[in-house]
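Please keep the model open while going through the numbered points.

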Amino acid sequence: MISQSTIQQILSRIDIIEIVGGFIKLKKRGANYLGLCPFHNEKTPSFTVSPSKEIYKCFGCGKSGNTISFLMEHEKYSYTDALKWLAAKYNVEIEETYASPEALQQRQTSDSLFIINGFAQKYFTQQLTETEEGQTIALSYLKERGFREDIIQKFQLGYSPSQKDAFSKEAVQQQFNPELLLKTGLVTERQGILLDNYRERIIFPIHNQTGKIIGFGARIIGKKEHAPKYINTPENDLYIKSRILYGSYFARQAIDKNDECLLVEGYTDVIALHQAGIEHVVASGGTSLTPDQLRLIKKYTGNLTILYDGDAAGVKAAMRGLDLALEEGLNVKLVLIPDNEDPDSYVHKVGTAAFIQFIQQNKKDVILFQLEVLLKDAGDDSAKKSVVVQTIAESISRMNKVEDFTRQQDYIRQSAQLLRIDESGLHALVNKLIRERVSKQEQKVNTPVPPPKTNETSVTDETLALFTKDEIHEKELIRCLMDFGNLPWDETLSVAQHILAEGDEWDMVSNPDLKKIMNVYKQWLDEGLEPTMKNFLFHEDSSISQTVVGLTEIRHEISTKWKEVYDIDVITREQQYLAEVQSVLIFLKLRKIKGMIDENQRELEQVKDASQLTLLIKTHQHLKSLESQLTRELGTVILK
Ligand code: ZN
């Protein structure tokens, strides 16, 4: 773990304009800086960076955050990686808190493996481009297969010579530890002698998220009997197969921009598509998808499009990962590459534009794709076929949200075609299933009745909408906590102590992220730490820092709303913080009371027992009087 004092040193040096400006072009506009958003495609800049607040915000796509979240988002770094990157940039020496001897040992091993891998990559690349053997055997082969030099360079491809100990000798001469060399999988040991593991092969370095090399894939050149087509690095401290997506380092920004990740099988598929300008692509390495790989994809995008080679074996292998992908909440689409081609050969054959068009037009939903598989299985068996119809109608009927209507119609049309049944018949079946489900739900739900009209003071519906529609007052409360927490509330309590006590008693904050911030605030206060806005802005838990960034925007919104409802000028904030804290607390209490009145009302509608009725009416009256008391208090707070 990086020590707190190191983190503080890094944070004190961060210049958001310098960091963000290093990735995108920023222009000064008033107090802020403006640029083209790196997270969505735009022609007029709406990406704003505020040096004073140390945050950025895009008014096009809504992405916002601080320097660290920018690095995490843009470079796909982890929190720790982002800190390390900043430390290197600002020459801050990283001091780590105590780690166990095992953990230290493990990190040393990892560091050494990275160094050897880096050395090996340079060696293999040199062999490919600067030796006669590499040029005649390997470089010519790559060029024959249509790979351009800039792409070969970008992916740092290499060549391992045919001499059986060429690399081993070089590595030993560099005084690398033999034990570690063996661990990289680059060499093996035969009777005390180190020999190369890869001979006469094309070398594909495999990069992690930050571009460091964690291992290699070595592909045979041409066809050879009895030799595996690929040899990969064995599992070690760095190379953990289930977590690797080949090409993810080169694809990360394109995936972000396209909001889609294409998944292919092989290394050469990834490289060929890059060369064609299609960069949002990664490879699974031919195995079925693992949960770790899916989570990695989900870090970049919610949309996964899997490109299958035409052969049936490939389809079945990849299908195994699909349930997992759906469980991870990914929107999965499937495309079959036609004519027994793979993405590599197909993009060469048809070109970029046609390839993209083919993908767009042939993306299939999991439902339709599985329908095809089910149908193939059913064959001509009409009993089996009717089960398929029923299953598909069930699935389609479950998408009965308004926004899914068009999709649903599409499904019905396409499924009817595949099933070779009448479209209107399938339509009727789906509608029947929807009706059945709706009527079942209606029996369960009791429609709430509006509360009885009374002469008591009551907040207007308009105001009520303010309470229930969004979490603006919950946010405002947290904002007060940050801004005024240290100021006195009365002779004995600080504002923070008062808010936290009221929060406990009334349980008025329901948003889990805001609740979390309150809890952390309390914890820091108890530990004698000072819970400042900045500490929250750079909190390791991204849900906390994101929420706090969101808080900086709510001022304007809330002031205009108050003005609309009460037709008054809103008091200035710093001068009148007590009034502000009080009014926010009252707003939240009123909202709570409103909710309790509604709930009581629902019970009133159902009650059969007379004594219970009396109790409920009493509760109603009590809540109503609390409500009018709070409304009066609110009036005096706001109008005084
Ligand atoms: Zn944007």
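The points below go from the whole chain to single sites.

1. Overall content. The model under discussion is predicted. Its chain holds 29 helices and 16 strands. Of the 640 residues in the chain, 46% are buried. Among the contacts with a separation of 6 or more, 65% involve residues 24 or more positions apart.

2. The antiparallel sheet. An open sheet is built from 5 strands in the order β1-β2-β3-β4-β5, and its pairing is antiparallel. Strands β1 and β5 (64-65) are at the edges with a single partner strand each, so one side of each has no neighbour in the sheet. As a general point, strands of a sheet pair through backbone hydrogen bonds, in either a parallel or an antiparallel manner.

3. Pairing within that sheet. Strand β1 (residues 26-29) runs antiparallel to β2, and 4 bridges join the two.

4. The zinc site. Which protein atoms are the donors of the zinc ion? They are C37 (SG), H40 (ND1), C58 (SG) and C61 (SG), at 2.1 to 2.3 Å from the ion. Along the chain, these donors follow the spacing C-x2-H-x17-C-x2-C.

5. Geometry of the zinc site. The angles among the 4 donor atoms are 100 to 120°, and the site is tetrahedral. The ideal angle for four tetrahedral donors at a metal is 109.5 degrees.

6. The mixed sheet. A further open sheet has 5 strands in the order β13-β12-β14-β15-β16, with mixed pairing. Its edge strands are β13 (281-283) and β16 (364-365), each of which pairs on one side only. Within this sheet, strand β14 (residues 303-308) and strand β15 (residues 331-336) run parallel and are joined by 6 bridges. The bridge partner of I306 in β15 is L334. Helix α16 (residues 352-362) packs on the sheet and touches β14, β15 and β16, with its direction at about 120° to that of β15.

7. A helix pair. Two packed helices are described by the angle between their axes and by the distance between the axes. Helix α11 (residues 267-275) packs against helix α15 (residues 343-350) at about 25°, and their axes are 8 Å apart. Angles under 35 degrees count as roughly parallel, and α11 and α15 are therefore roughly parallel to each other. The contact involves T268, D269, A272, L273 and Q275 of α11, together with P343, D344, V347 and H348 of α15.

8. A single residue. Is Q408 buried or exposed? This residue is placed in helix α19 (residues 405-419). Buried means under 20% relative accessible area; Q408 has 6% and is therefore buried. Between Q408 and S395 there are 9.9 Å from C-alpha to C-alpha, and the two are 13 residues apart in sequence.

Key
Residues numbered from 1 in each chain as written. Predicted model: local features only at pLDDT ≥ 70, side-chain atom pairs only at ≥ 80, totals over all residues. Heavy atoms only, no water. Donors = N, O, S within 2.8 Å, 3.2 Å for Na, K, Ca; no water. Tetrahedral: all angles 85-135°; square planar, octahedral: opposite > 155°, others 65-115°. Pairing = 2+ DSSP bridges. Axes fitted to C-alpha atoms, helices over the stretch in contact; angles between N-to-C directions. Parallel < 35°, antiparallel > 145°, perpendicular 65-115°, else oblique. Contact = heavy atoms within 4.5 Å. Buried < 20%, exposed > 50% of the residue type's maximum accessible area, 1.4 Å probe, protein only.
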